[in-house]
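Hi,

Here is the structure I promised to pass on. Have a look at it first, and then read on for my notes.

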Amino acid sequence: MDIREIIADVPEHVTVVHLGANGETVPTIPSVEAALLPPGAARSRRLGFHKGRAAAHEALRRLGRPAAAILRGPYREPLWPDGVVGSITHHAGHALAAVALRRECGGLGIDLEHLDRWFPELEAHTAYGTERALLETLQGDARQRACLEIFSAKESIYKAFFPRVGSFFGFAAAEVKPAPSGRYQGALVAGLDAEFGPNRPFEVGCAWHGELVLTSVVLPP
């Protein structure tokens, strides 16, 4: 899968690195990062984590930032260097990392999902109000894909806003609705962010590549 195919509407000031699924060698990362995984972690989990961190280090290098360990906060979020916002996602052997300078980007979230992540109860955990009404108009594969799009969009929203909010919030705190060109329009419905109230929507990029969907949220500075 080519990097140009898998990036969903990410602007130029965001640096994205993609490590594909062709290769099962576990990348080397700083030992303090490798130690974040439990000793008995499955190889697939270790591979995804290492690939994600390796992609993040390469993204930071391309951004011109000095090498530094990417540790983890109390909610398992990556801790980026000062002046940087970023996001990591990995699934089905693929890993992506996106970074940007904080002065150019107010928040950044990316999320990659595969159709194997869908299960019948996912709608109840993901979709609310108009989102649920949209899904009820669809059937079969179209409904599964739309549900996974909404799930992934909300994961990207969470990743973009968590560093701003500083605490956990659930899927009901954001809503999305379809926008032109396959994208979504998102909004926070719980008044979590002083700058992004319910009446200030933002764009959520969304693109499918076979059975993989990638969503992205890039907030203005």
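How many bridges join β6 to strand β10? Eight, and the two strands run antiparallel, with β10 covering residues 212-219. Within that pairing, G109 has V217 in β10 as its bridge partner.

Before going further, a word on where this comes from: it is a predicted model, so local features need pLDDT of at least 70 and side-chain atom pairs count only at pLDDT 80 or more, while totals for chains, interfaces and linings use all residues. Residues are numbered from 1 along each chain as its sequence is written, and side-chain values use heavy atoms, with hydrogens and water left out.

Helices (H or I, at least four residues) and strands (E, at least two) are DSSP runs numbered from the N terminus, and two strands pair if DSSP finds at least two bridges between them.

**The five-stranded sheet**

β6 and β10 belong to an open sheet of five strands, in the order β6-β10-β9-β8-β7, with antiparallel pairing. Its edge strands are β6 and β7, each pairing on one side only. On average, neighbouring strands here are turned by 25° against each other, direction ignored (axes are lines fitted to C-alpha atoms, for helices over the stretch in contact, and angles run from 0 to 180 degrees between N-to-C directions). Helix α6 packs on this sheet and touches β6, β7, β8, β9 (202-209) and β10; contact means heavy atoms within 4.5 Å. The direction of α6 makes about 150° with that of β6.

At the other end of the strand order, β7 (residues 174-178) and β8 (residues 184-188) pair in the antiparallel sense over five bridges. E175 stands opposite A187 in β8. Their hairpin has five residues between the strands, and S181 takes a positive phi near 60° there.

**The three-stranded sheet**

There is also an open sheet of three strands, ordered β1-β5-β4, again with antiparallel pairing. β1 (15-19) and β4 (84-91) stand at its edges with a single partner strand each, so one side of each has no neighbour in the sheet. Neighbouring strands are turned by 10° against each other on average, direction ignored. β4 is joined to β5 (residues 94-101) by eight bridges, and T89 stands opposite L96 in β5. Helix α3 (residues 43-63) packs on this sheet, where α3 touches β1, β4 and β5, and its direction makes about 30° with that of β5.

Leaving out residues up to four places away in sequence, G20 touches K51, G93 and H94. G20 and E123, by contrast, are 29 Å apart in space, C-alpha to C-alpha, and 103 residues apart in sequence.

**The pockets**

Pockets come from a 1 Å grid over the protein atoms alone: a pocket is an open set of points where a 1.4 Å probe fits, with protein on both sides within 12 Å along at least five of seven lines, and lining residues have an atom within 4 Å of a point. Grid points are joined across faces, edges and corners, and a volume is the space filled by probe spheres set on the points.

The largest pocket holds about 1,000 Å³ of space. It is lined by 33 residues, with R76, E77, P78, I88 and K159 nearest its centre. Two or more lining residues come from each of α3, β3 (78-79), β4, β6 (107-114) and α6 (140-165), and β4 gives the most, with eight. The lining divides into 15 nonpolar, seven polar and 11 charged residues (Ala, Val, Leu, Ile, Met, Phe, Trp, Tyr, Cys and Pro count as nonpolar, Asp, Glu, Lys and Arg as charged, and the others, Gly among them, as polar).

The second largest pocket has about 190 Å³ of space and 14 lining residues, of which S44, G48, H90, A92 and G93 lie nearest its centre. α3, β4 and β5 each give two or more residues to this lining, with α3 giving the most, at seven. By class, there are four nonpolar, six polar and four charged residues.

Enjoy exploring!
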